[in-house]
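I opened a notebook page for this model and wrote down each thing I looked up. The entries follow in the order I made them.

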There are 2 protein chains.
Amino acid sequence: LKVILIGSGNVATHLGSALMRSKHTIVQVFSRSESAAKKLSRKLKCGYTTDVLSISSKADLYIIALRDEAIEIFLSQFPVTGKPIVHTSGSVSMNVFKKKFKDFGVFYPVQTFSMNREVNFKTVPICLEAGNELTKKKIQALAKSISSSCHFIDSKQRKQIHLAAVFANNFSNHLLVIAENIMAHQNISFDLLRPLILETAMKVQAKSPQDMQTGPAMRGDLAIIREHLKMLEGKPGFKKIYRLISESIAEKNGIRF
Amino acid sequence: LKVILIGSGNVATHLGSALMRSKHTIVQVFSRSESAAKKLSRKLKCGYTTDVLSISSKADLYIIALRDEAIEIFLSQFPVTGKPIVHTSGSVSMNVFKKKFKDFGVFYPVQTFSMNREVNFKTVPICLEAGNELTKKKIQALAKSISSSCHFIDSKQRKQIHLAAVFANNFSNHLLVIAENIMAHQNISFDLLRPLILETAMKVQAKSPQDMQTGPAMRGDLAIIREHLKMLEGKPGFKKIYRLISESIAEKNGIRF
């Protein structure tokens, strides 16, 4: 397919690279930032523009990989309404296209991308949604060419997946930040926790996290919980999180303190 | 070294196997549960006993891998007081040995162990503490023979590492349980989140989690946060956690909603 990428951030970069590796042609990159547009266009060996009105109308598919808030603004300015167009957001409804476009859909990769880490797109689940059969077939073929995990998911369910992903990724990461803070406060290297963090994630690759739950709250070990709360006295924010999650673990597992 | 293992749970099993692989001799396994003692003794090709008074006095080191609460009870009954003895707990002070023993220490592996998962002990950080020079040298040599990450850490700091590990492992896992619940409620496979969970852990193997923080709270995206809170209306426990962690992320990063 001939694809035009709207955006130059992490999703645009990794998705563009995966498409290129699967022999699709990236025709052009659009970004409001000239430096970012230029950089990505070099990587994808294609043209670029920073002007919405200069985006080529000669592509088979337009993929919007912008921040959620920027999608509607872009669509209101974008003049090419007769071509298939998708966005890559977990939380923006497909209805965002309805007023102005005919062939539209969603192409949401359930993964976290960062600039300097390669991602094996073959394992990245892609949630697809399409407004009609034509778009459905087109984006399914595209998704299958880069990933072995493609799923048709409607906007309502996609939002739930995105919410679950916030817990699994963003919130988990914040707990790692708290752990890092506790270690730094003692001048102990965060390296001591890194194998534990990796193993925690490895364990749930085959098993249910419910079956992997351990720790003081799971054992109903009130002595340790009290000691931990005391250790967190100077950090009221961390203490509140400790207490709430411990209560939640206990409640979920029928543990009484 | 000739080692006797007190306990037959995950830590005893994995530590025993690692010691055996490094050519140490496990002389005997002690456990109150005969079936567990027998099972582990077969694995480690050694004897076993379920009677504290029948534990052999002919070992170079006694390693207690029991639940925290069981350590003191065991020590009060254990008659072999003249040999080096360590426990493997993150949160029990080394002072637990003081009254009765002369050569004692701590041998705390910072990892989560489960029955059916092999662990590469070489990468497991081991926190060591010793009551005297003799024990120090002995357990350091032992630790170095199975792991390339050995650290002398006092009881106070070890408790802080254990607290950080509760956030990084137990609490993170609970967030995965919540994510799994949200997915199950929609009849969507948890598989869609597994690559994301692995990548979240992989990212912080080289970087600081603070630099990896993303998500609605980090962006100050109040519209999405409000929508998520609304989606969690029927789950007050999850909603409280969502709100508290979002506030904590925002506070930590100077984001105002």
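I began with what the buried side of α1(B) touches: its buried residues pack against β1, β2, α2 (34-43), β4, β6 and α4 of chain B. Contact here means heavy atoms within 4.5 Å, and buried means under 20% relative accessible area, exposed over 50% and partly exposed in between, with a 1.4 Å probe and protein chains only. Helices (H or I, at least four residues) and strands (E, at least two) are DSSP runs numbered from the N terminus.

Note on the source: this is a predicted model, in which local features need pLDDT of at least 70 and side-chain atom pairs count only at pLDDT 80 or more, while totals for chains, interfaces and linings use all residues. Residues are numbered from 1 along each chain as its sequence is written, chains are lettered from A and ligands numbered from 1 in the order in which they are written, and side-chain values use heavy atoms, with hydrogens and water left out.

**Helix α1, chain B.** I listed the buried residues of α1(B): A12(B), T13(B), H14(B), L15(B), G16(B), S17(B), A18(B) and L19(B). I then checked the length of the helix. Helix α1 (residues 10-21) lies across β1, β2 (25-30), β4 and β6 (104-109) of chain B, at about 170° to β1(B). Such angles run from 0 to 180 degrees between N-to-C directions, with axes as lines fitted to C-alpha atoms, for helices over the stretch in contact.

Most residues other than glycine have a negative phi. K23(B) sits in the loop between α1 and β2 of chain B, and at 74% relative accessibility K23(B) counts as exposed. I found another case in chain A: K45(A) has a positive phi of about 55° and is not a glycine. K45(A) is in the loop between α2 (34-43) and β3 (47-49) of chain A, and K45(A) is exposed, with a relative accessible area of 70%.

**The sheet, chain B.** I traced an open sheet of eight strands in the order β3-β2-β1-β4-β5-β6-β7-β8, with mixed pairing. Strands count as paired if DSSP finds at least two bridges between them. At the edges stand β3 (47-49) and β8 (150-152) of chain B, each with a single partner strand, so one side of each has no neighbour in the sheet. From one strand to the next the twist averages 25°. Strands β1 (residues 2-6) and β4 (residues 61-64) of chain B run parallel and are joined by four bridges. There L5(B) stands opposite I63(B) in β4(B). Helix α4 (residues 133-146) of chain B lies across β4, β5 (85-87), β6, β7 (126-130) and β8, at about 165° to β7(B).

**Chain A, overall.** I counted ten helices and eight strands in chain A. The C-alpha trace spans about 65 × 40 × 30 Å along its principal axes. Of the 257 residues in chain A, 56% are buried. In this chain β1 (residues 2-6) and β2 (residues 25-30) pair in the parallel sense over five bridges, with L5(A) opposite V29(A) in β2(A).

**The two copies.** Two copies of a chain are related by a rotation about an axis and a shift along it. Chain B can be laid on chain A with an RMSD of 0.0 Å by a turn of 180° and a shift of 0.0 Å along the axis. That is the relation of a two-fold axis. I used a least-squares superposition on the C-alpha atoms of residues with pLDDT of at least 70 in both copies. Of the interface residues of chain B, 100% are also interface residues in chain A, so the copies meet through the same surface.

**At the axis.** Which residue of chain B comes closest to the rotation axis? S172(B) does, at 2.5 Å (C-alpha). I looked up S172(A) as well, which lies in helix α5 (residues 155-185) of chain A. S172(A) is buried, with a relative accessible area of 5%. Leaving aside neighbours within four places in sequence, S172(A) is in contact with F167(A), S172(B), L175(B) and L176(B). A polar atom of the S172(A) side chain lies 3.1 Å from the backbone oxygen of A168(A).

How values were computed
Polar contact = N/O pair within 3.5 Å; in protein donor to acceptor, adjacent residues only side chain to side chain.
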